[in-house]
Amino acid sequence: MLDPKDITAVILAGGRGLRMQGADKGLLPLWGRPLVSHVLERLSPQVGQVLINANRNLEHYRELATVIPDDGYQFAGPLAGFEAGLTHAPSEWVLFVPCDSPLVPADLAARLCASVHRHDQIAVVDDGTQLHAATALIHQSLLPSLCNYLDGGDRKLQLWYERHQLVPVDFSDQAEAFYNLNTPEALVALEGRGET
């Protein structure tokens, strides 16, 4: 089985935050700390190293971890972050997690690692209701496929996934852990629930 300590995690914080009025989502406060800090705190014990994919406020992110901006595909959504992570990560396997998922579980890396058996497989979180497509474990050997896809002008994550073997990993027992903070209202709601 793939050892989680042999993989790199990349926190995806490189988006435009359009549904957050253009805010840099990773730096929005939750329970007195930036969103990205919560994700970093939960991922760090699970993997060998954590990197942050960001395109704005790089100095703030660099105070927390090594930062990798999008390379040739700036602001092309999660796939641009995937490309940066697969290019720069020191490990063959890379775990991607959005910065707006501050409750990711402590066994995320272990469960995804246990589900892949070949390099051409992509492990993706399934909360029992929907796939969380941007929370995925991907092997560096898929980088050429990803670059070819992006070079063709497409940006839809699901369309690229259709070219590969997707392995949904059941997290229905922890569906709440993948609560996405896509809107100001969602952030306010989680803030009001108190830190867990």
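1. Two strands pair if DSSP finds at least two bridges between them. Helices (H or I, at least four residues) and strands (E, at least two) are DSSP runs, numbered from the N terminus. In β9, I122 finds its bridge partner in L166.

2. A word on the source. This is a predicted model, where local features need pLDDT of at least 70 and side-chain atom pairs count only at pLDDT 80 or more, while totals for chains, interfaces and linings use all residues. Residues are numbered from 1 along each chain as its sequence is written, and side-chain values use heavy atoms, with hydrogens and water left out.

3. Start with the sheet. It is open and has seven strands, in the order β5-β4-β1-β6-β8-β7-β9. The pairing is mixed. β5 (66-67) and β9 (165-170) stand at the edges with a single partner strand each, so one side of each has no neighbour in the sheet. Strands of a sheet pair through backbone hydrogen bonds, either parallel or antiparallel.

4. Now look at β7. Strand β7 (residues 121-126) pairs with strand β8 (residues 131-139) in the antiparallel sense, over four bridges. V124 stands opposite A136 in β8. With β9, β7 pairs in the parallel sense over six bridges. Is β7 mostly covered or mostly open? It is mostly covered: five of its six residues are buried, and buried means under 20% relative accessible area (exposed is over 50%, partly exposed in between; 1.4 Å probe, protein chains only).

5. β7 and β8 form a hairpin with four residues between them. G128 sits in the turn and has a positive phi of about 100°.

6. Contact here means heavy atoms within 4.5 Å. Angles run from 0 to 180 degrees between N-to-C directions, with axes fitted as lines to C-alpha atoms, for helices over the stretch in contact. Helix α1 (residues 35-43) touches β1 (8-13), β4 (49-54) and β6 (93-98), and its direction makes about 170° with that of β1. Helix α4 (residues 108-115) touches β6, β7, β8 and β9, and its direction makes about 135° with that of β7.

7. Helix α5 (residues 143-151) has buried residues, among them L143, L146 and Y149. What covers the buried residues of α5? The cover includes α3 (78-88), β8 and α6 (157-161). Just after α5, G153 takes a positive phi of about 100°.

8. Check the cysteines. C113 counts as buried, because its relative accessibility is 1%. C147 counts as buried too, at 17% relative accessibility. A disulfide is a pair of cysteine sulfur atoms within 2.5 Å, and by this rule the count is zero.

9. D100 deserves a look. The UniProt annotation "binding site", from an unreviewed entry, covers D100; such annotations may be inferred rather than shown by experiment. D100 lies in the loop between β6 and α4. Its relative accessibility is 4%, so D100 counts as buried. Not counting residues up to four places away in sequence, D100 touches K25, L35, Y179, N180, L181 and N182. The side chains of D100 and K25 make a polar contact (2.7 Å). Such a contact is a pair of N or O atoms within 3.5 Å; within protein, one must be able to donate a hydrogen and the other to accept it, and residues adjacent in sequence count only if both atoms are side-chain atoms.

10. Last, some backbone angles. Most residues other than glycine have a negative phi. W31 has a positive phi, near 50°. W31 lies in the loop between β2 (29-30) and β3 (33-34).
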